[in-house]
Amino acid sequence: MQQEVVLAMLAKEPSQGYQLRARMNDALGPLGEALNAGQIYVTLGRLEKAGLVTVDEAPDAAGPADRERKVYVLTAEGQQRVAEWLADVAWPKPDLAEFHLKLIAAAAARLADPISIVDAQRRELLRRLRDAQRAELDVPEGSDAALLLEGIVLRLQADLRWLEACEANWTTRRRKR
Amino acid sequence: MSGSGTALLRARQLRKDYGKGEGLVRAVDEVDLDVAPGETLAVMGPSGCGKSTLLHLLGGLDRPSGGELWLNDKRTDRLSERALAGLRRREIGFVFQAFHLMDELTARENVELPALLAGRTPRQARRRALTLLDRVGLADRANHLPSALSGGQRQRTAIARALVNEPLVVLADEPTGNLDSGATLDVLRLFDQLHASGLTLVVVTHDERVAATADRLVSMRDGALVDETRLTGGSRGNLSDLL
């Protein structure tokens with residue numbers, strides 16, 4: 001989990017770890033189930049060391065564990081980092097070159113049929129699309145989780161369309177040979 | 001009939017040619033296909049690959065040039081026009097990309113029509129139509145004309161109509177082709193429910209979202225089936241793999 005995400009979730013108000021986790025779970029829906037509680041506390045510890053958050057003790061201790069008594073508060077530096085992160089336009093790049101080169105290498109060395117490789121990849125992505133779609137049908141319409149799942153579905157669709165183009169292209173090459 | 005196995009719909013060496021001599025086009029090229037009862041089968045392929053023609057042959061909307069076709073252990077490719085019309089009316093439900101609803105009839109009347117043509121009484125037809133419109137989430141739109149319905153609502157009306165005579169199989173040709181993302185999701189949700197209730201569905205599509213809901217996916221190129229993928233079975237993937 002990226003540090004800035006945890007930091008930004010704290011910007012609303014000083015919070016205990018379990019409150020942060022609940023906020024993340026609401027936003028992620030079924031995709032948040034894999035979220036590890038320990039991970040958030042590890043991240044909070046790092047943020048504290050970096051001077052981006054400070055820790056208060058909760059007056060009404062919510063849990064028996066030490067870490068659950070702590071209330072995390074953004075420092076001025078933390079506020080600054082959140083503002084920078086919100087303005088940042090970094091975007092994850094899908095690594096298409098690796099798969100593209102896999103097909104080229106397989107064909108050049110005659111190690112495997114590129115079309116079978118495309119087919120196997122397609123099956124895998126269709127299974128993921130099915131899982132994402134089932135999850136989307138299960139969450140309330142218009143919820144935060146539904147919007148996230150819609151994004152995942154659209155990306156998978158785009159990838160599947162590219163695979164279709166790969167298959168058409170390699171089929172044409174095979175005919176020419 | 002012996003040797004038919006458990007397939008509800010079966011094609012053997014199914015062929016459809018258009019034109020003659022030099023201009024001969026084989027739109028469907030010796031296709032073998034089995035659809036099991038309760039199965040959802042998706043057929044994908046580029047436009048012009050013959051997938052719609054295949055669906056029309058399976059549904060008796062068009063005659064094959066060769067090969068054999070079976071529905072529920074009955075040979076259907078050699079039926080008379082009259083028998084074929086009866087088969088289309090009672091045993092097969094159709095869903096089209098452009099909905100094909102009658103503009104001057106309400107949603108309920110559109111759903112009733114095939115039931116009346118199949119010989120149900122008006123009372124039976126109405127009861128069945130209202131039950132189905134409720135099932136597709138359109139109970140409050142029963143008396144609307146198609147022009148007063150959204151694309152998604154029209155398609156759900158068309159799906160209700162396809163089900164009115166309790167067909168053995170529903171054949172759908174690009175059912176989400178004219179729908180936006182939200183309406184597509186409504187149709188997928190409906191297909192999911194129908195699948196759970198045991199409906200047999202064959203859907204021709206270029207929409208990956210529709211294909212991903214199927215039990216099995218076949219790809220078509222130049223009239224022939226070239227690849228088959230079983231999508232169900234095995235464990236459900238870990239959702240965290242998606243992030």
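This is a predicted model: local features need pLDDT of at least 70, side-chain atom pairs count only at pLDDT 80 or more; totals for chains, interfaces and linings use all residues.

**Domains, interface and one buried glutamate**

For chain A, the domain assignment gives domain 1, covering 3-87, and domain 2, covering 96-176. Between the C-alpha centres of domain 1 of chain A and domain 2 of chain A, the distance is 35 Å. Their contact draws six residues from domain 1 of chain A and seven residues from domain 2 of chain A. On the side of domain 1 that touches domain 2 in chain A, four residues are nonpolar, one is polar and one is charged.

Let me turn to the contact between the chains. Here, 20 residues of chain B meet 21 residues of chain A. On the chain B side, the elements that contribute two or more residues are helix H6 (181-196), helix H7 (208-211) and strand S10 (224-230). H6(B) gives the most, with four residues. By class, this side of chain B consists of nine nonpolar, four polar and seven charged residues.

Is Glu136(A) buried or exposed? Glu136(A) counts as buried because 24 other C-beta atoms lie within 10 Å, and the cut-off is 20 or more. Leaving aside residues up to four places away in sequence, Glu136(A) touches Ala146(A), Leu149(A), Glu150(A) and Val153(A), and also Leu185(B). Finally, Glu136(A) and Leu147(A) are separated by 11 residues in sequence and by 8.5 Å in space, taken from C-alpha to C-alpha.

How values were computed. Residues are numbered from 1 along each chain as its sequence is written. Chains are lettered from A and ligands numbered from 1 in the order in which they are written. Two residues are in contact if their C-beta atoms, placed from the backbone, lie within 7 Å. Ala, Val, Leu, Ile, Met, Phe, Trp, Tyr, Cys and Pro count as nonpolar, Asp, Glu, Lys and Arg as charged, and the others, Gly among them, as polar. A residue is buried if 20 or more other C-beta atoms lie within 10 Å of its own, exposed if 12 or fewer, and partly exposed in between; C-beta atoms are placed from the backbone. Domain bounds come from an automatic or database domain assignment.
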